[in-house]
Amino acid sequence: SLLITLVPVLLALAALAFARFNLRDLFQGLWRIIVLPDILINDYIGRSGAGPALFNAALCSGAAVCALQLARISPSGPAIAAVFTIAGFSFFGKNIVNIWPVGLGVLLYSRLSRRPFSDNILVALFGTALAPLFSEIAFGLGIAAPWNLASAFAASVAAGMILPPLAKHVLDFHRGYNLYNIGFAAGFVGTVTMSLLKAFGVELSDSWVWSNSGPFPALLVLIPFFVALVVWGMILDPLWRRGYAQLLRSSGRLVSDFVRQFGLGTTLVNMGIMGILASVYALAIGASWNGPIIGAILTIVGFSAFGKHPLNALPPMVGVTIMASLSTYGLDHPGSQLAALFAATLAPASGTFGPVAGLAAGALHLVLVQVVGSLHGGMNLYNNGFAGGLAAGLVVPILEWIGEWKHHEV
């Protein structure tokens, strides 16, 4: 589709503009991104500047688009979500080198299972959540060359091989109420990896980078893009209002492919609106404008083709904000700011059980996301997907029981 093809092109143009067309600075910054560890949180804008971060995002999203085209995957909500998510996380944790080994592991799993790779291509793309595993072993543990690269490659491929069956299994735990299902599965892989490293006394590197460049440079790029999505969608589908009214009634529970259900035009309108809302929300909570925050906004936009819309996404986001304000975490904590945006992973819980349930799920999400990162040591970039899976698995049975109790009372 033209949409996902445009993503890497626009990112590349933005990279050139921010770097003032200095290619040497772009490649030097990209090299710094590649050769340093990438466990959470590692803000590429803070490390190398906006130009190299955008350049890396262009390369990674371009690779994702090529993979989808080679696998002959038709344009769909999940495909759009995958490209935007890879673009977003390429601002903090994924780079053009560390995304490949996990994908190769998924490919080997497909071959061993005698299934076409196209069946698992989305797992391979979303599975780049484990990209920091390669960077950490290769550049963070002090292993001598070439054994650092060999061991990092082997570990990442092995992680990719077990990810597809694990992703199918953990879906049963939250039953489709956590949109970041691969993040939930990757959390377990990261936790096992972290446990093995601790068992042998291996300490992870400390590569925390969290910057604040201010909102205006980012908004100058993002807002026109989101407005263009809305206008584009309206042009594609003159009857978008009717479709959008139906879309807003969708629960968003996996698998909700808005492109196939409501058409590309209506989906683009939703993506643009959600991008604008997410940007305004980030401004409202006083978020630090950096790579992770931009990545969170782009992820929301991508999943607005795959389950999220204003009515189901905002309640869990507001729930995080309320809990952060009441708790010791506060909204100035990086984890709270990211959770306030990524909590939209619980949109299906809100869409199915109502906004109050969404508020409660978001509040629980915050308290979980602040601690589960220590389990996988930051090697799962989708930490909110891990916490979201736990929150959904805990909240949904209770919400279903309450619904049954009310039904019997009536």
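By class, the lining of the largest pocket has 27 nonpolar, 18 polar and four charged residues; here Ala, Val, Leu, Ile, Met, Phe, Trp, Tyr, Cys and Pro count as nonpolar, Asp, Glu, Lys and Arg as charged, and the others, Gly among them, as polar. This is a predicted model, in which local features need pLDDT of at least 70 and side-chain atom pairs count only at pLDDT 80 or more, while totals for chains, interfaces and linings use all residues. Residues are numbered from 1 along each chain as its sequence is written, and side-chain values use heavy atoms, leaving out hydrogens and water.

**Largest pocket**

- The volume of the largest pocket is about 1000 Å³, taken as the space filled by probe spheres set on grid points that are joined across faces, edges and corners.
- A pocket is an open set of points on a 1 Å grid over the protein atoms alone, where a 1.4 Å probe fits, with protein on both sides within 12 Å along at least five of seven lines; lining residues have an atom within 4 Å of a point.
- Of the 49 residues that line the largest pocket, Tyr180, Asn181, Ile182, Gly183 and Tyr382 lie nearest its centre.
- Elements giving two or more residues to this lining include helix 5 (77–89), helix 9 (147–174), helix 10 (181–199) and helix 20 (383–409); helices are DSSP runs (H or I, at least four residues), numbered from the N terminus.
- Helix 19 gives the most to the lining of the largest pocket, with six residues.

**Second largest pocket**

- The second largest pocket holds about 390 Å³ of space.
- Its lining has 22 residues, with Leu54, Phe91, Val221, Leu222 and Ile294 nearest the centre.
- Helix 1 (2–18), helix 4 (50–70), helix 5, helix 11 (215–236) and helix 15 each give two or more residues to this lining.
- By class, the lining of the second largest pocket has 19 nonpolar, three polar and no charged residues.

**Helix geometry**

- Helix 1 and helix 11 pack at an angle of about 155°, with their axes 12 Å apart; axes are lines fitted to C-alpha atoms over the stretch in contact, and angles run from 0 to 180 degrees between N-to-C directions.
- Helix 1 and helix 11 are therefore roughly antiparallel to each other, a term for angles over 145 degrees.
- Helix 14 and helix 15 have axes that come within 8 Å and cross at roughly 150°, so these two helices are also roughly antiparallel.
- Just after helix 14, Gly286 takes a positive phi of about 70°.

Technical notes:
Angles under 35 degrees count as roughly parallel, over 145 as roughly antiparallel, 65 to 115 as roughly perpendicular and the rest as oblique.
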